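Subject: Model for you to look at, with notes

Dear colleague,

I am passing on the structure we spoke of, and I would be grateful if you could read the notes below with it open beside you.

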Amino acid sequence: MGILIDQNTRLLCQGMTGWAGTYHTNRMIQYGTKVVAGVTPGKGGKSHLDLPVFNHVAEAIGATAANASAIFVPPDRVADAILEAIEAEMPLVVVVTERVPVLDMIRVREALAGSRTRLIGPNSQGILAPDVCQIGVMATDRAKRGTIGVISRSASLTSEVTSQLTTAGLGQSTTIGIGGDPVHGLGFVDCLELFFADPQTEGIVLVGEIGGTEEQDAARYLRETGVKKPVVACIVGRSAPPERRMGHAGALTLHGSDDVDRKIAALRDAGVAIAPSPHLVGTTMRDLVAKRAA
Amino acid sequence: MQLQEFQAKILLSQYAIGSPAGAVAMTADEAEAAAARLNVDRIFVKAQILAGERLAAGGIRTVNSAKAAKAAAGELLGQKLVTAQTTAQGQTVKSVLVEAGIKAEQELYLSLQIDPVSGAILLTAGRGGADIEKRVAAQELKLESLALGVNGERRAGEVAELAQRIGLSGGLTTKFGELVKKLHRAFVELDAGLIEINPLVVTDAGELVAVDAKVVVDDNALFRHPELKELRDESKTDRVELHAQRHQINFVQMDGDIGTVVNGAGLALATLDMIAAAGGSPANFMDIRTTAKSLDIAQGISLVLENSRAKVLLVNVFGGGMQPCDTIAEALGIAFRRSKRILPVVIRMTGNNEDLARLRLANYNLPKTECTDMWQAVTRAVALAQGRA
């Protein structure tokens, strides 16, 4: 089980024939992901990595029953690629590309409303169901099948947290990067809902940062619905200099420490355990799970 | 990218959005000439920096002659202006905007910005003027807002209703609606993240005039706007940060003595937090983007080595699919070979190709300490910086 992806996921790669598309499609196939086709306009009918290439997403779905898409196209073509996938009613779309213009994402959000598509990203490392399915570019060595769900705004920090969980004896059900951009697809709240409903998931880690309101929204949701499974949060950026964009377009804050304090206070009030430092996420979750079992 | 006020006003004028007559001046003499051309008895000399709250900080002077404009410009130009919105160091005033004074019947606030929550362009308006943030926070002032789509499709009446809620009536309501339409077009065509007009002045003739304007353009959309990209290169105050950007590295210079080399924004922020928690102080924020190659990363590492405040280099890397550890190891080798200044380096590298990275590092003659976990690496770097190791 786990959320969003499993052994029945049939993946399509938009932009598969490009350099990044080729490299990452190969990695995903090696990990065991069922990649069924690629889409590159103008290259339909060809074959790449022993997979059929189509001109259009709808065509590829018709021929291969693909039910998820990973997008590896340059920033200026991302919006069109997503819109095409939405139009073809692709159930799940994961966008790894960073630096997508924000107005393009507003257009995408308008198209997503009322559609059948769930969007992850852009600027996301993707989704990983350890040992089952990988959609994205994340490190996979330390990930281990298990019961903890990870929701994050940051790629390398997700790898770090995943590694800490594995070291603490806790495997992961699904790890998911919602992406570092301000306007994106699924958010913390959507992912919490999915993890609460997933029988495999027994605990959830939220990895947040300065900027935006994802963490406050998650806190409000958890206050309303209750913390149905143990949740640990790690919020980074307390020491960031004010009024700067810190790498992620979404991580812009006026006063780093105030912003982080507000987020932590809101989550703590909602019943979330706060990891005292980014290197203690794994042990915080381990202790919480042990306490619950006792 | 934030534009200077004068650049913002020039861009808005292309959409027929009016602002007071004026001209930018780089010298006191230019300011005098610009003031003389205005031929009015009330003149503003406004320091051009990328921060607000200039009035309270003495960055906006009101004068009544060209001669006085020259004197005011002479005082402002080349000075560091510290306002409530700048850092303690302030920003150097490189130009002033010399502008005709406008008599305000009423001052309004108007902005369009990206709203991540609704995924729309949010129109916000209210009675405006200085200190608006404070007055809104103190609940003395309520701003009205309305979500607009990219195509601006809205029931015609909605903007008019908003105008009425902020106290406008009659012809002003119509003018306000027209202005919002123009601003929306400018917002979409310029790929803006924010356009803020505060104050938007209602003149005694019933016209709406943008007395101040702030435009922030989406950096990620600059490929569609080569003309704006040039403005960025001129206006960017920190050459070091711009250099890093060109090499696919997000870099922010800080005041401490521990140079950081990290891949990914989240891990980079976590590293800064841990340094602070361990009693140390970072010299920079560095987020190596996944698109950076080893030569790019070497450029970023050189920036840290060249920073005379840095006493130690802390490398915290979790290699992913795009950027395996050995790429960053290779970059370390290149940067240290090139650099005249050698710093002790604490290396924590894990993830994709970490074994290969370790082999590479063994071949370079670096004054290095290798750590397996990041907290150990952080405390080691702090100890080195403080001369305790």
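This is a predicted model: local features need pLDDT of at least 70, side-chain atom pairs count only at pLDDT 80 or more; totals for chains, interfaces and linings use all residues.

Residues are numbered from 1 along each chain as its sequence is written, and chains are lettered from A and ligands numbered from 1 in the order in which they are written.

Chain B holds 13 helices and 18 strands, where helices (H or I, at least four residues) and strands (E, at least two) are DSSP runs, numbered from the N terminus. The C-alpha trace of chain B spans about 75 × 50 × 40 Å along its principal axes. Of the 389 residues in chain B, 48% are buried, a residue being buried if 20 or more other C-beta atoms lie within 10 Å of its own, exposed if 12 or fewer, and partly exposed in between, with C-beta atoms placed from the backbone. Among the contacts in chain B with a separation of 6 or more, 70% are between residues 24 or more positions apart; two residues are in contact if their C-beta atoms, placed from the backbone, lie within 7 Å.

In chain B, helix α2 (residues 28–38) packs on helix α3 (residues 66–76) at an angle of about 150°, with the axes 8 Å apart; axes are lines fitted to C-alpha atoms, for helices over the stretch in contact, and angles run from 0 to 180 degrees between N-to-C directions. The residues in this contact include B:Ala31 and B:Ala35 of α2(B), and B:Ala69 and B:Ala73 of α3(B). The buried residues of α2(B) are B:Ala28, B:Ala31, B:Glu32, B:Ala34, B:Ala35 and B:Leu38. They cover an arc of only 165° around the axis, which puts them on the same side of α2(B), the arc being that of the directions from the helix axis to the C-beta atoms. Their cover includes β1 (22–25), β2 (43–47), α3 and β6 (96–100) of chain B. After α2(B) comes B:Asn39, with a positive phi near 55°.

B:Val45 lies in strand β2 of chain B and is buried, with 29 other C-beta atoms within 10 Å. Leaving aside residues up to four places away in sequence, B:Val45 touches residues including B:Ala31, B:Ala69, B:Ala73 and B:Val96.

In chain A, six of the eight residues of strand β10 (residues 145–152) are buried, so β10(A) is largely enclosed by the rest of the structure. Five bridges join β10(A) to strand β11 (residues 172–177) of chain A, and the two run parallel; strands pair if DSSP finds at least two bridges between them. Opposite A:Ser152 stands A:Gly177 in β11(A). The buried residues of helix α6 (residues 188–197) of chain A are A:Phe188, A:Cys191, A:Leu192, A:Leu194 and A:Phe195. The buried residues of α6(A) pack against β10, β11, β12 (203–209) and α7 (214–225) of chain A.

Lastly, the contact between the chains takes 46 residues from chain B and 49 residues from chain A. On the side of chain B that touches chain A, α9(B) gives the most, with eleven residues.

With best regards
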